[in-house]
Amino acid sequence: MRSGLSHQEHVLRPEKVVSGRLFTLQRLPSPRKETRFSCSISKKVVGKAVDRNRMRRRTRAAFRGVAKPGLFVIHIKKPALLISYKEVVEELRTLVEKMAQ
């Protein structure tokens, strides 16, 4: 399982997009059977780099526990900063289950 996608993978059109309260999850087309993902958070969402990096780390750690094979891009929304790690895991699990349907 790798974190981070190549530039070519980032410009692919998503196969499926699901949104929740904290995240938007995109699945990209992939011929591989491995799990790869990338997290994105805008400066407009959180101004300080320290806070953006903390949210990326928390999201990556949570997603590793619930991920299924494929290429994913996770967009972090503002409310995710105020939520506990347990709730982050639950939200990502819910989005991955929606994605599988």
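Reader: In which helix does Glu91 lie?

Author: Glu91 belongs to helix H3, which covers residues 85–100; helices (H or I, at least four residues) and strands (E, at least two) are DSSP runs, numbered from the N terminus. This is a predicted model, in which local features need pLDDT of at least 70 and side-chain atom pairs count only at pLDDT 80 or more, while totals for chains, interfaces and linings use all residues. Residues are numbered from 1 along each chain as its sequence is written, and side-chain values use heavy atoms, with hydrogens and water left out.

Reader: How many helices and strands does the protein chain have, and in what pattern do they follow one another?

Author: The protein chain has three helices and five strands, and along the sequence they give the pattern β-α-β-β-β-α-β-α.

Reader: Is Glu91 buried or exposed, and which side chain of opposite charge is nearest?

Author: Buried means under 20% relative accessible area, exposed means over 50%, and partly exposed is in between (1.4 Å probe, protein chains only). A salt bridge is a side-chain nitrogen of Lys or Arg within 4 Å of a carboxyl oxygen of Asp or Glu; for charge, Lys and Arg count as positive and Asp and Glu as negative, while His and the chain ends are not counted. Here Glu91 is buried yet has no salt bridge, and the nearest side chain of opposite charge, that of Arg21, is 4.8 Å away. With contact taken as heavy atoms within 4.5 Å, Glu91 touches Gly20, Arg21, Leu22 and Phe23, leaving aside residues up to four places away in sequence.

Reader: Which residues of H3 are buried, and where do they sit around the helix?

Author: The buried residues of H3 are Val88, Val89, Glu91, Leu92, Leu95, Val96 and Met99. Seen down the axis of H3, they fall within an arc of 165 degrees, so they line one face of the helix; the arc is that of the directions from the helix axis to the C-beta atoms. The face turned away from this buried side carries the exposed residues Lys86 and Ala100, whereas the cover over the buried residues includes strand E2 (16–19), strand E3 (23–28), helix H2 (49–66) and strand E5 (70–76).

Reader: What is the largest nonpolar core, and which residues touch the most other members?

Author: A nonpolar core is a set of buried Ala, Val, Leu, Ile, Met, Phe, Trp, Tyr and Cys residues joined through side-chain atoms within 4.5 Å. The largest one here has 24 residues, of which Phe23, Leu25, Phe63, Ile74, Ile76 and Leu92 touch the most other members. Its largest share, six residues, comes from H3. Phe23 has contacts beyond four places in sequence with a list of residues including Val18, Ile74, Val88, Glu91 and Leu92.

Reader: How many salt bridges does the structure hold?

Author: The structure holds two salt bridges. In one, the side chains of Glu15 and Arg27 meet at 3.1 Å, N to O, and this pair links distant parts of the chain, with Glu15 in the loop between helix H1 (7–10) and E2 and Arg27 in strand E3, twelve residues apart. Glu15 is partly exposed, with a relative accessible area of 49%, and Arg27 also counts as partly exposed, at 23% relative accessibility. Another salt bridge joins Arg54 to Asp51, the closest N and O atoms being 3.1 Å apart; because Arg54 and Asp51 are three residues apart in helix H2, they are separated by about one helical turn.
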